[in-house]
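Subject: Structure handover

Hello,

I am passing this structure on to you.

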Amino acid sequence: MAASMRLLVKRVIRLSHRNFNATAAGVSGRSGCCWGTASCRCFSDDRSTHFGFETVPEAEKAKRVYKVFENVAQKYDIMNDAMSLGIHRLWKDSLLHVMNPQPGAQLLDVAGGTGDIAFRFLEYVRSQQERQRRRSARSMQTPSWKDISNNYSTEEEERPQESKAVVCDINKEMLKVGKQKGDSMGISAGLSWVVGDAEELPFDDDQFDIYTIAFGIRNVTHIDQALQEALRVLKPGGRFLCLEFSKVTNPVLARLYDAYSFQMIPVLGEVIAGDWKSYQYLVESIRKFPDQEAFKHMIEDAGFYCVQYYSFTGGVVAIHSGFKL
Amino acid sequence: MAALLRGLRAGRALRGLGSVVATPTATTPQCSSLRRGFHCAALRLQDESKSDKPPSSSSTTYHEHYQAHSTEQDTTAASQEDSASDPAAETASGPNTSYQDQSGEQGEEYETEEQLQARILTAALEFVPQHGWSMEAIAAGAETLGLSSASTGMFYNGAGDLVLHFITHCNSQLTEILAEQHKQVQLGQAEPKETADFLRDAIETRLRMYIPYIETWPQAMSILLLPHNIPDSLKHLSTLVDDIWYYAGDRSTDVSGSHHPRSPSSSTHTFLSPLHHHPHNIRPATLQMNWYTKRAALTGIYNTTELVMVQDSSPDFQDTWNFLDNRIQDVVNMATTAKQVQSTGEAVVQGLMGAAVTLKNLTGLNQRR
């Protein structure tokens with residue numbers, strides 16, 4: 001509730017600063033897009049952006065993206081498995097390995113939707129904590145008198161911070177599916193689900209240790225704004241991680257990949273999810289996204305340091321990592 | 001290049017700065033191309049007036065050195081030197097506080113990523129007894145600097161980075177101490193030591209730096225033996241041994257007869273060469289050994305003594321120092337013995353020749369007919 005109040009205030013301020021339309025209703029604070037009320041069109045700058053291979057006015061893109069994900073939300077996970085032949089799980093596991101979160105880290109997963117990254121994060125941190133506890137128990141098996149007296153005196157030495165994961169998504173349907181998944185898996189402690197726009201996050205500054213966005217940033221209308229927001233909500237020393245489809249460098253593989261993308265995936269979409277056009281948008285948006293080096297420069301421009309990328313599966317996906325120093 | 005750096009370092013030590021000098025880190029700078037971009041972004045960051053970063057006196061010295069020295073090399077070396085010493089010193093150094101008000105925040109922004117990494121690793125060292133040489137120690141170190149634990153992702157080599165940083169730190173400390181001793185000898189305030197004693201003292205000083213971490217040192221040694229760390233650890237070891245022999249006054253040439261690159265032909269070393277009195281008459285055998293033999297011998301001594309130290313439980317590691325004494329004595333004896341064997345051999349050969357000639361004379365074979 002407080003978040004929505006803050007959003008309203010922020011929106012009013014931005015309206016006066018930025019000449020954008022402000023939506024009048026809704027908890028999902030989305031700035032910079034017109035919700036279809038004709039009276040607001042007088043402010044729109046007629047700037048256009050890409051929606052797949054189409055060109056659409058910027059104001060429309062967010063709306064159409066919302067529709068796409070609203071339609072596919074129920075079948076999202078099944079489609080992921082079908083399209084990537086299950087490899088997307090390996091990609092997400094690699095993201096966790098690169099992240100290597102320490103116990104006590106706070107994660108913000110933007111465009112987290114169905115919560116894959118957040119679940120993996122919590123599992124990873126918990127197994128690490130288990131391992132640490134087991135290690136300390138093993139070393140304590142022959143405690144010296146000093147250790148025993150220390151144990152009695154330091155009761156509050158326990159790790160104060162429990163790891164928390166916040167899943168933020170602009171789309172309520174995706175969050176609903178994710179919450180259901182979490183409940184069925186029995187993971188609910190340390191997990192929260194927030195509706196929010198990547199370009200305008202409903203969080204304070206310097207909140208999170210790790211910010212991830214997996215397969216979501218290409219759907220954002222203004223990528224640089226999303227990067228700025230990421231910089232804002234990260235603590236000093238925090239890490240930005242982005243898992244996204246990228247350019248395949250090998251020409252043979254690129255041909256195969258293109259053929260597979262444009263021939264197979266929309267068909268799968270139609271058969272499994274009953275939605276050809278959403279998956280057509282998906283493969284087109286992958287082609288429109290900047291390649292590894294260009295995206296790395298964008299991240300550096302936003303103010304991150306030590307930016308690096310790792311390509312997987314020949315460049316099909318890439319993980320970009322940057323630090324707020 | 002290495003000689004120039006050592007000369008600069010030695011020069012700075014002579015100026016009596018008295019602070020720890022850190023050699024440029026062994027790890028290749030992952031994002032060195034960003035250094036310029038870092039500064040441009042730093043100016044932008046300045047506008048946002050980040051007051052949450054803890055102001056430290058190290059920032060002033062970065063700024064001061066950055067303005068004073070034009071070469072980037074000097075900057076990184078000087079700033080690293082201060083970055084390494086600052087957390088250790090923990091107090092604002094006197095002469096720099098005058099700059100603090102003007103450039104307190106400005107100075108910090110000019111810090112490069114390498115310097116920040118060095119600071120994090122130095123802060124992490126105090127958590128090593130608790131967490132071992134691991135990412136947890138680095139995370140704890142980062143947290144004391146006010147950074148999130150996620151910044152440990154910068155260290156791609158993980159624990160290896162921490163151990164190598166510590167080794168570099170110790171090596172530079174030792175070089176400082178040895179240079180200081182040399183200065184004392186040069187000024188005539190101290191007597192020059194004999195080679196064996198010098199080596200013994202140098203190795204003891206160096207190994208004593210491990211004493212605070214001796215519980216976890218076996219873990220560090222095993223990390224250094226990992227295949228991807230071996231090139232770096234060997235490099236540090238050879239630099240260490242080289243330094244010790246250099247300050248012991250070794251001016252030997254290598255096998256091929258070409259000049260040793262650290263011979264005092266460059267002007268920065270002239271303060272050492274004419275004034276170091278090496279007692280030629282007392283230890284001729286040591287001079288006979290060439291460059292490789294000396295360094296190999298000292299490497300062997302150092303490694304074995306380190307292993308003994310790790311499992312030593314005597315008070316103040318007395319057993320280790322005794323072991324060290326014996327090993328150095330062995331090497332000295334071996335050198336003397338080698339020379340003796342050589343001269344004995346010559347004598348024996350001459351004796352045999354004489355006996356052969358005498359026999360020939362006796363049997364009349366030498367008679368001219």
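**Helix packing in chain B**

In this predicted model, helix α10 (residues 195-208) of chain B and helix α15 (residues 318-362) of chain B have axes that come within 10 Å and cross at roughly 145°. Axes here are lines fitted to C-alpha atoms, for helices over the stretch in contact, and angles run from 0 to 180 degrees between N-to-C directions. Helices (H or I, at least four residues) and strands (E, at least two) are DSSP runs, numbered from the N terminus.

The crossing of α10(B) past α15(B) is right-handed. A crossing is left-handed if the near helix is turned anticlockwise from the far one by less than a right angle, and right-handed if clockwise.

On the α10(B) side, the contact includes B:Leu199, B:Ile203 and B:Leu207. Contact means heavy atoms within 4.5 Å. By class, this contact has eight nonpolar, no polar and four charged residues. Ala, Val, Leu, Ile, Met, Phe, Trp, Tyr, Cys and Pro count as nonpolar, Asp, Glu, Lys and Arg as charged, and the others, Gly among them, as polar.

**A record for chain B**

UniProt, in an unreviewed entry, places "domain: Ubiquinone biosynthesis protein COQ9 HTH" at residues 113-143 of chain B. Its positions are given in the numbering used here, feature names are shortened, and annotations may be inferred rather than shown by experiment. That stretch of chain B is 81% helix and 0% strand. Its end C-alpha atoms are 17 Å apart.

**The sheet in chain A**

Chain A has an open sheet of seven strands, in the order β5-β4-β3-β6-β7-β9-β8, with mixed pairing. Two strands pair if DSSP finds at least two bridges between them. At the edges sit β5 (191-195) and β8 (305-312) of chain A, each pairing on one side only. From one strand to the next, the twist averages 15°.

Strands β7 (residues 234-245) and β9 (residues 317-323) of chain A run antiparallel and are joined by seven bridges. A:Glu244 stands opposite A:Ala318 in β9(A). Helix α8 (residues 223-233) of chain A lies across β3 (106-110), β6 (208-214) and β7, at about 145° to β7(A).

**Helix packing in chain A**

Helix α4 (residues 87-99) and helix α5 (residues 116-139) of chain A cross at roughly 50°, with axes that come within 10 Å. That makes α4(A) oblique to α5(A). Angles under 35 degrees count as roughly parallel, over 145 as roughly antiparallel, 65 to 115 as roughly perpendicular and the rest as oblique. The α4(A)–α5(A) crossing is right-handed.

Helix α2 (residues 58-72) and helix α10 (residues 276-288) of chain A pack at about 120°, with their axes 10 Å apart. These two are therefore oblique as well. Here α2(A) passes α10(A) in a left-handed crossing.

**Conventions**

Residues are numbered from 1 along each chain as its sequence is written, and chains are lettered from A and ligands numbered from 1 in the order in which they are written. Local features need pLDDT of at least 70, side-chain atom pairs count only at pLDDT 80 or more, totals for chains, interfaces and linings use all residues, and side-chain values use heavy atoms, with hydrogens and water left out.
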